[in-house]
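Please keep the sequence and the coordinates open while reading.

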Amino acid sequence: EKIQRANKAVLAKKKSGDHYNNKNALQPISDEENVAMERVRKPAVLFMALCVRRPEIIVTLMRVSSKEGADVLSKAVRNNMYKLAGTAAKKHGAAAIALRVSDMIQEKEIPLLLAFLDNLAQSSDNALPSQELIDACHEIQRKRLDAKGKKDARYVIPIVSGVKREELVGKLPEFVSADDRVFKAALIRMSERLGRHALVFRDEPDKENPSLNGMTLCEQMVFLHRLDFRGVGLPQKRYLEAIRNCLEEDEIFTDRVIMAALDYMSGAFLAGEDGLPLAYMRTIILTCSKHESLHSWICHVLLPRLIEGKIYTDRRQWEGWMRCAKMLENTGAAGVSSIKEAIQNLPEEQLEMYLAIRNA
């Protein structure tokens with residue numbers, strides 16, 4: 001209780017207390033908590049060393065650390081989980097120990113199991129998670145269904161960076177249907193080993209034998225837009241929310257990432273390879289509102305390209321195009337002259353429709 005009061009006092013003094021707590025969830029908040037964590041760290045680490053020799057007592061560690069009021073111990077265990085995961089993986093095998101621990105723990109210890117799996121996936125000297133560990137996490141997910149009998153996406157997040165991109169496309173509905181925190185965590189983990197390729201939509205070297213792992217940020221935006229939400233039973237509202245959530249995370253999905261994804265989808269549309277996804281024009285409109293830096297490119301390149309691809313043959317997309325063009329004309333965005341040239345090249349019927357809307 002003393003530590004809880006001290007923590008509350010520290011957070012109350014911080015204007016962004018919630019942000020502080022979320023971003024530093026494993027760090028001590030107050031001096032009192034820091035002293036307590038230092039006091040329990042050594043015995044916790046010693047017990048972890050014993051757990052490596054006797055894996056059956058890992059459940060004891062997790063159970064005690066998950067008790068009400070054991071926040072200090074829980075933080076100490078989480079902060080040192082990498083030691084337990086790394087040494088246990090070397091002695092018993094990452095996949096084997098993951099399955100063994102999962103079979104022992106109960107509902108209340110799930111957060112610590114997830115932390116254990118997360119550290120197992122990162123314990124292999126920066127290599128991708130092994131196929132054995134990937135298979136183990138999928139087996140854990142199948143065994144540990146949630147209260148509604150559905151798969152819990154959290155169990156596979158640790159290993160998605162090593163999963164084939166083709167398989168990740170099929171798992172996107174699971175992540176989209178999860179809560180926002182889980183959804184965002186999955187996206188971050190998918191792309192964590194692909195930072196240099198964030199703006200790239202990679203081509204499979206051999207389409208008959210897919211070999212690409214993970215999913216770049218550009219690819220995530222493309223595949224989210226192309227998601228057959230109706231076919232997988234997702235509400236349209238959730239499909240649109242998922243894309244909007246990505247757009248709002250502009251430190252991750254930057255203007256350059258959004259530009260790369262929109263460019264790729266419009267190129268496929270112009271080449272006749274794919275139609276425009278339902279959310280496509282909506283995303284462009286949201287991008288216009290959020291990223292003034294892209295106004296010139298949208299005016300000069302994107303909107304004219306869509307006219308070239310005869311976007312006006314799709315009523316919904318055409319309505320979005322007209323709304324976007326009107327918005328940019330009204331803002332006086334750089335490159336508006338390029339839109340006007342594209343407008344003048346519209347078929348007479350579409351030109352009249354646009355002018356009627358613009359002048360309304």
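Lys 310 lies in the loop that joins helix H16 (295-308) to H17; helices (H or I, at least four residues) and strands (E, at least two) are DSSP runs, numbered from the N terminus. The model is predicted, so local features need pLDDT of at least 70 and side-chain atom pairs count only at pLDDT 80 or more, while totals for chains, interfaces and linings use all residues. Residues are numbered from 1 along each chain as its sequence is written, and side-chain values use heavy atoms, with hydrogens and water left out.

Although Lys 310 is not a glycine, its phi is positive, at about 65°. Most residues other than glycine have a negative phi. Lys 310 is partly exposed, with a relative accessible area of 48%; buried means under 20% relative accessible area, exposed over 50%, and partly exposed in between (1.4 Å probe, protein chains only).

Helix H17 (residues 315-331) contains Gln 317. Is Gln 317 buried or exposed? Gln 317 is buried, because its relative accessible area is 4%. Its side chain reaches the backbone oxygen of Leu 276 at 3.4 Å, a polar contact (a pair of N or O atoms within 3.5 Å; within protein, one must be able to donate a hydrogen and the other to accept it, and residues adjacent in sequence count only if both atoms are side-chain atoms). Neighbours within four places in sequence left aside, Gln 317 is in contact (heavy atoms within 4.5 Å) with Leu 276, Pro 277, Leu 278, Tyr 280, Met 281 and Ile 311.

The largest nonpolar core has 106 residues, and those with the most contacts inside it are Leu 120, Ile 284, Ile 298, Leu 303, Leu 306 and Trp 321. Such a core is a set of buried Ala, Val, Leu, Ile, Met, Phe, Trp, Tyr and Cys residues joined through side-chain atoms within 4.5 Å. Helix H8 (residues 110-121) gives this core its largest share, nine residues. With neighbours within four places in sequence again left aside, Ile 298 is in contact with Ile 284, Thr 287, Cys 288, Leu 303, Pro 304, Cys 324 and Leu 328.

For the protein, the secondary structure comes to 19 helices and zero strands. Of its 360 residues, 47% are buried. Among contacts with a separation of 6 or more, 68% are between residues 24 or more positions apart. Along the principal axes, the C-alpha atoms fill a box of roughly 80 × 55 × 35 Å.
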